[in-house]
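Dear colleague,

Please find below the structure that I am handing over to you.

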Amino acid sequence: MKMTINEIKERLQYVTDYEDEFLLACQADERKGVQLAVKQWQKRQVAKQKLYDRYQRMNQLEENYATTYSLIAGIDEVGRGPLAGPVVAAAVILDPDKQILGLNDSKKLSLAKRVELFTKIKKEAVAVGIGVVSAEEIDKYNILGATKIAMKKAVSNLNKQPELLLVDAVQLQTPIPQETIIKGDLKSNSIAAASIIAKVTRDEMMVEYSREFPGYGFANNAGYGTKEHLEAMKRL
């Protein structure tokens, strides 16, 4: 008895090898629905390969330093551009034995993908630290100074002492060896992971602020100077 098309689609979800006997049998099945399912499977494999290739490309920094350092922390921040809210930094030490595919600059990811990766990073990373600096402290220290404070807080909140810091575009005063990487969230998996942790954390904080300070649209604009936010500032 032939399998139904839905049954074939379900089973193809678990096929990973182009030489798999079941896949080859599906390719020989002349039903249009089966051929469409095979094409969809092929598209998924291409997409997975692209994610794997990007992971490998963005892991070159970590691999280059891994011969000297075991615990490498990527550091990034979010919140330097908004008109309201804190600056949030994150430090992440990834486990080299647990690949998290899809890591990227958090701004290039959808909300759903950021949240999905946030959960994976929290579960599979060796350590995650978060540093938050308030708007009042930003006014006191200026945004660059507040960013550095937030990054150092994130490092101090790691439950393991890093041996090397890969920092996105900022130089920190710290005894821990560091490398400053321009556009690091596009070049390093560790920094990309930190950007995702910082972004999701701050966005969730801004949702809470939207309840405390209604009318500004913080849940939607995260404190950035959108038209909605600017109009609300004039009105309120």
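**Findings**

At 57% relative accessibility, Lys-183 counts as exposed, because the cut-off for that class is over 50%. Please bear in mind that this is a predicted model. Lys-183 sits in the loop that links strand 5 (178-181) with helix 7 (189-212). Although Lys-183 is not a glycine, its phi is positive, at about 55°.

A positive phi of about 55° also occurs at Ala-222, again a residue that is not a glycine. Ala-222 belongs to the loop between helix 8 (218-221) and helix 9 (227-235). Its relative accessibility is 9%, and Ala-222 therefore counts as buried, the limit being under 20%.

On the surface, a nonpolar patch is formed by Leu-51, Tyr-52 and Leu-101, which together have about 220 Å² of accessible area. Tyr-52 is part of helix 3 (residues 32-58). With 33% relative accessibility, Tyr-52 is classed as partly exposed.

The remaining points concern strand 3 (residues 127-133). In strand 3, the covered face holds Ala-127, Gly-129, Gly-131 and Val-133, while Val-128, Ile-130 and Val-132 make up the uncovered face.

Yours sincerely

Definitions and conventions. Residues are numbered from 1 along each chain as its sequence is written. This is a predicted model: local features need pLDDT of at least 70, side-chain atom pairs count only at pLDDT 80 or more; totals for chains, interfaces and linings use all residues. Side-chain values use heavy atoms; hydrogens and water are left out. Patches are made of residues with over 30% relative accessible area and no salt bridge: like charges are joined within 9 Å, nonpolar side chains (Val, Leu, Ile, Met, Phe, Trp, Tyr) within 5 Å. Accessible areas come from the Shrake-Rupley method with a 1.4 Å probe; for residues, only the protein chains shown count as cover. A salt bridge is a side-chain nitrogen of Lys or Arg within 4 Å of a carboxyl oxygen of Asp or Glu. Helices (H or I, at least four residues) and strands (E, at least two) are DSSP runs, numbered from the N terminus. Buried means under 20% relative accessible area, exposed over 50%, partly exposed in between (1.4 Å probe, protein chains only).
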